[in-house]
Amino acid sequence: MDHSLAQSMTQTIVIDREAENKEILKQYRHLLKVIDPMLQKGDKQQIRAAFEMSMEAHKDMRRKSGEPYILHPLAVAQIVAEEMGLGPTSVVCALLHDVVEDTEVTLEEIGKEFGAQVAKIVDGLTKISGVFDLSSSEQAENFRKLLLTLTDDVRVILIKIADRLHNMRTMDFMPRHKQLKIASETSYLYAPLAHRLGLYQIKSELEDLSMKYTETDAYRMIAQRLNETKRERTRYINEFIKPLKDRLDREMVGKFKIYGRPKSIHSIWNKMKTKGVTFEEVYDLFAIRVLVDVPPELEKSECWKVYSIVTDSYRPNPSRLRDWISTPKANGYEALHTTVMGPKGRWVEVQVRTERMNEIAEKGYAAHWKYKEGSADNALDEWLERIREMLNNPDSNALDFINDFKLNLFQDEIYVFTPKGDLRMLPNGATTLDFAFEIHSDIGSTCIGAKVNHKLVPLSHKLANGDQVEIITSKKQKPNEDWLTYVTTGKAKSKIKASLKEEKKLLAAQGKEMLNRKLRHLKLHTNTSLVQDLSVYFKMPSTLDFYYNIAVKKIALKDIEKLQFSGTKLILPKEQERKISIEETVKNTLQKNAELLIFGENADKIDYKFANCCNPIPGDDVFGFITVSEGIKIHKTNCPNAVQLMSNYGYRIVKTKWTKSHELSFLTEIKISGIDDLGVMNKITNIISGELKLNMRSISIESHDGIFEGVINIFVNDTEQLEDLMAQLQRMDGILSVSRV
């Protein structure tokens with residue numbers, strides 16, 4: 001080997017300890033500078049001691065990027081102090097957040113050195129390890145246990161969000177399948193949680209970073225287009241702001257700031273998807289924000305004064321006024337939002353806040369400790385109380401809990417009144433039954449209907465802002481399965497499920513007695529093994545379900561009489577002799593193939609199907625998901641269900657890869673719209689069948705007011721062929737849009 005080459009190769013892996021130590025010191029000093037205004041006597045020593053303990057504990061550890069591990073806890077502590085505005089205790093905990101899990105340091109040592117409160121928070125932050133129940137998910141169980149600490153200290157959650165934010169910012173060195181799993185978990189749970197705790201800035205960044213890994217092409221496209229249109233946008237913002245600034249200068253009491261801020265990539269992408277528009281057609285790529293600096297007693301009047309100036313200068317859209325100053329959101333957010341018609345016929349969103357409101361919007365829950373001001377804080381406390389109620393339900397499965405919990409995270413609120421005029425806050429889409437459970441569990445469980453604004457309505461009636469609701473109850477009423485489809489709040493769902501479970505247990509006890517009588521009649525001795533065999537035979541997920549179905553007559557006892565028994569054993573038909581568990585599927589199928597599924601080559605060894613929810617085709621970014629009964633299902637990584645699967649069942653996800661296989665065709669669907677011209681259908685079918693020789697399964701076209709819209713089901717080999725077809729159709733005269741469904 002060439003000596004100089006060998007030397008240069010050796011040099012590339014030499015670690016520059018001096019440069020690393022300088023960087024660590026620089027980050028530590030920056031942390032102290034940020035936290036300095038909040039320090040009291042003894043705090044600096046505590047932070048120093050935590051830094052030294054963390055530095056020592058992690059001294060031989062490196063991150064995937066190769067940098068010293070200590071830079072991670074330092075970065076988390078900086079986020080906690082600088083971006084969330086938390087104090088010295090939180091900084092100490094952030095510096096120590098990985099110490100117990102990753103090193104020899106114990107919680108007792110942390111308690112001795114830093115006190116019980118720090119030890120408690122670090123304990124909450126230490127991930128739960130060990131065996132987990134395969135019917136739920138490791139991640140969901142960890143998350144649930146993490147939320148239990150809300151009862152004690154919400155800082156655990158805030159530091160956990162900061163930890164996740166830094167991991168997302170530095171995820172480029174992770175393998176692709178881990179990036180997908182972590183990004184999905186982030187958008188599924190951490191972004192909604194940041195939103196609920198009022199951390200809007202962090203919530204937007206978490207969503208953008210998740211999108212960067214799950215929908216890379218769309219992310220890059222929007223980032224690039226935002227960059228290209230930046231100059232034009234700045235020019236427009238300046239033109240919009242000028243007349244407002246002149247009037248605000250003349251008429252405002254206090255100081256003010258007015259500026260434009262770009263919308264997040266994720267929110268632009270959401271708008272493109274939900275409204276079916278291109279980037280160019282998204283009108284609100286930015287929002288104008290007006291911040292006023294006035295004493296608390298003048299806040300409301302000054303914000304409305306700004307609103308008046310804005311709507312005098314530009315015509316408002318009457319349906320787009322949002323007043324979150326009179327009734328703040330549950331996470332404490334206060335502001336006035338309106339949308340006005342700006343220059344060149346463009347709608348522009350304007351947000352009006354005070355400096356105090358802005359700090360609460362940026363730093364969320366942390367800012368509430370600074371401004372303890374009644375209503376907003378109470379709303380957050382009420383929300384935390386609801387979560388505690390859900391956590392205290394001992395029967396709820398971790399995944400059910402996560403899904404119910406999510407219901408309470410991202411929805412906008414509506415405000416409804418009790419007959420006495422008390423205000424209650426519920427998520428948008430809540431029903432009269434949700435309201436009943438919100439008042440009290442017993443009222444919910446015995447609810448038979450309601451009067452909304454003095455008119456009789458059913459349990460499933462959706463409430464609107466400002467409704468006055470009176471609940472009607474009956475002692476004979478009790479919850480049933482249908483109720484789960486009527487409610488949207490996690491509180492109502494968990495109470496109904498608990499009640500149904502109780503009912504199910506009572507019926508199951510009757511079913512058990514009925515079965516025992518039947519088995520005695522057949523001169524069979526009841527034992528656990530026999531009952532389990534019977535449950536498997538009747539395809540029941542558990543013995544409880546088996547007993548319950550006997551009680552409700554869904555399983556007839558005469559069908560049990562017809563079965564064959566040997567001694568006290570059931571003779572099972574061949575196909576049901578063995579029930580393969582998920583673990584066995586993983587071991588037998590995946591480990592043989594080194595956790596790599598190669599389509600075409602290993603098709604004979606692995607049983608897989610394409611998921612109907614997203615219909616992947618070769619070339620799509622995909623992953624495999626191990627199902628209990630249908631082998632491996634292949635989903636696109638941006639499938640509507642992918643985020644939930646990857647987040648909750650990370651251990652059942654397998655890496656997948658396509659091989660070139662032109663013999664196979666895959667069904668996909670495209671949507672096309674254009675001007676309804678003579679012969680347009682002929683031209684479309686010519687391109688598909690004539691030029692590209694592709695097989696169509698079906699085509700349906702509807703025409704109205706000179707515009708046609710159609711859906712074509714077509715067989716293609718891969719994404720390359722599909723993109724070629726879409727490009728050719730798009731180039732046709734009169735075609736407005738072509739997209740994959």
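These are legends for a set of close-up views of a predicted model.

**View 1. The whole chain, before we zoom in.** The model is a prediction, so keep that in mind for every panel below. The protein chain runs to 741 residues, and buried ones make up 48% of them. Its secondary structure comes to 31 helices and 22 strands. Take the contacts in the chain with a separation of 6 or more: 67% of them link residues 24 or more positions apart.

**View 2. The largest nonpolar core and its neighbour.** This core, the largest nonpolar one, gathers 61 residues. Val-91, Leu-95, Leu-96, Ile-110, Phe-114, Ile-161 and Leu-206 have the most contacts inside it. Pick out Ile-110 and, leaving aside residues up to four places away in sequence, you'll find it touching Met-53, Leu-96, Val-99, Val-100 and Val-105, and also Gly-115, Val-118, Ala-119 and Val-122. There is a second, separate core too, with 39 residues, including Ala-218, Phe-240, Phe-256 and Phe-286.

**View 3. Helix H3 against helix H7.** Here H3 (residues 43-57) meets H7 (residues 107-114), with the axes coming within 11 Å and crossing at roughly 155°. That angle is over 145 degrees, so H3 is roughly antiparallel to H7. The crossing is right-handed. On the H3 side, look for Gln-46, Ala-49, Ala-50 and Met-53; on the H7 side, look for Ile-110, Glu-113 and Phe-114. Sorted by class, the residues of this contact are 5 nonpolar, 1 polar and 1 charged.

**View 4. Helix H24 across helix H26.** H24 (residues 490-521) packs on H26 (residues 543-551) at about 80°, and their axes are 7 Å apart. An angle of 65 to 115 degrees counts as roughly perpendicular, and therefore that is how H24 and H26 sit relative to each other. Class by class, that makes 10 nonpolar residues, 1 polar and 4 charged.

**View 5. Ser-535, tucked into helix H25.** Ser-535 belongs to H25, which spans residues 528-537. Is this serine, Ser-535, buried or exposed? Its relative accessible area is 4%, and the cut-off for buried is under 20%, so Ser-535 counts as buried. Setting aside neighbours within four places in sequence, Ser-535 is in contact with Met-540, Ser-542, Thr-543 and Phe-546.

**View 6. Helix H30 with helix H31.** H30 (residues 680-691) and H31 (residues 719-730) cross at roughly 145°, and their axes come within 10 Å. This is a right-handed crossing. H30 supplies Ile-684, Ile-687, Ile-688 and Glu-691, and H31 answers with Leu-725, Gln-728 and Leu-729. The tally for this contact is 5 nonpolar, 1 polar and 1 charged.

**View 7. Lys-33, out in the open on helix H2.** Lys-33 lies in H2, residues 17-35. With a relative accessible area of 68%, Lys-33 is exposed. Glu-82 is 49 residues away along the chain, and the C-alpha atoms of Lys-33 and Glu-82 are separated by 9.8 Å.

How values were computed: Residues are numbered from 1 along each chain as its sequence is written. This is a predicted model: local features need pLDDT of at least 70, side-chain atom pairs count only at pLDDT 80 or more; totals for chains, interfaces and linings use all residues. Side-chain values use heavy atoms; hydrogens and water are left out. A nonpolar core is a set of buried Ala, Val, Leu, Ile, Met, Phe, Trp, Tyr and Cys residues joined through side-chain atoms within 4.5 Å. Buried means under 20% relative accessible area, exposed over 50%, partly exposed in between (1.4 Å probe, protein chains only). Contact means heavy atoms within 4.5 Å. Axes are lines fitted to C-alpha atoms, for helices over the stretch in contact, and angles run from 0 to 180 degrees between N-to-C directions. Helices (H or I, at least four residues) and strands (E, at least two) are DSSP runs, numbered from the N terminus. Angles under 35 degrees count as roughly parallel, over 145 as roughly antiparallel, 65 to 115 as roughly perpendicular and the rest as oblique. Ala, Val, Leu, Ile, Met, Phe, Trp, Tyr, Cys and Pro count as nonpolar, Asp, Glu, Lys and Arg as charged, and the others, Gly among them, as polar. A crossing is left-handed if the near helix is turned anticlockwise from the far one by less than a right angle, and right-handed if clockwise.
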